[in-house]
Amino acid sequence: MTATDALPALTLDETLAELVEEFDLLGDWEGRIEYVIDLGKGLPPLPEEARVEANKVPGCAAQVWLSTRRADGRLFFDADSDSALSKGNIALLLKLYSGRLPAEILAFDARAALDRLGLPAALTRQRANGLNSMVGRIREAATQG
């Protein structure tokens, strides 16, 4: 098991509550966006073999790759982007979703969660659409079990 295969210590709701608290402490949008970009810097490098067309997330302003691995009935995600903000957005989603059971992912209201963080409002329409596409790709992986 690698570091990216670690099981989440908190439930999805607890992880979201923690993120909401962190976002609230940051105050303004500049600080929040900086935090999201910093999350992206913490992503482990995506192996070159995962940078394939099949792993590209359509609808993103930047190139975003998202690969899925399954282990013990759980889904683990690896991702990267050529944009610091998109990389941060996908890192935020991985913090929420990686290591979860498909049923947990599908039961979680991602749109409401992102609205609680205020993310879509802070992004351009194209970046918000990209964020929704990333969530869509994660949910699609969960429906395939």
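D80 lies in strand β2 (residues 74–81), and the model you are looking at is a predicted one. At 6% relative accessibility, D80 is buried, because buried here means under 20%. What does the side chain of D80 make polar contacts with? The table gives the partners.

| Side chain | Partner side chain | Distance of polar contact |
|---|---|---|
| D80 | R51 | 2.3 Å |
| D80 | K87 | 3.2 Å |

If you set aside the neighbours within four places in sequence, D80 is in contact with L46, R51, Q63, V64, W65 and K87.

Next, helix α3. L85 has its place in this helix and is buried too, with a relative accessible area of 15%. Residues up to four places away in sequence aside, L85 touches I33, V36, I37, L123 and R127. From L85 to E34 there are 51 residues in sequence, while their C-alpha atoms are 8.6 Å apart in space.

Now for how the helices pack. Two packed helices are described by the distance between their axes and the angle between those axes. For helix α1 (residues 12–26) and helix α3 (residues 84–97), the axes come within 8 Å and cross at roughly 140°. That angle makes α1 oblique to α3. On the α1 side, the contact is made by L12, T15, L16, L19 and F23; α3 contributes L92, K95, L96 and Y97. Sorted by class, the contact has seven nonpolar residues, one polar and one charged.

Technical notes: Residues are numbered from 1 along each chain as its sequence is written. This is a predicted model: local features need pLDDT of at least 70, side-chain atom pairs count only at pLDDT 80 or more; totals for chains, interfaces and linings use all residues. Side-chain values use heavy atoms; hydrogens and water are left out. Axes are lines fitted to C-alpha atoms, for helices over the stretch in contact, and angles run from 0 to 180 degrees between N-to-C directions. Helices (H or I, at least four residues) and strands (E, at least two) are DSSP runs, numbered from the N terminus. Angles under 35 degrees count as roughly parallel, over 145 as roughly antiparallel, 65 to 115 as roughly perpendicular and the rest as oblique. Contact means heavy atoms within 4.5 Å. Ala, Val, Leu, Ile, Met, Phe, Trp, Tyr, Cys and Pro count as nonpolar, Asp, Glu, Lys and Arg as charged, and the others, Gly among them, as polar. Buried means under 20% relative accessible area, exposed over 50%, partly exposed in between (1.4 Å probe, protein chains only). A polar contact is a pair of N or O atoms within 3.5 Å; within protein, one must be able to donate a hydrogen and the other to accept it, and residues adjacent in sequence count only if both atoms are side-chain atoms.
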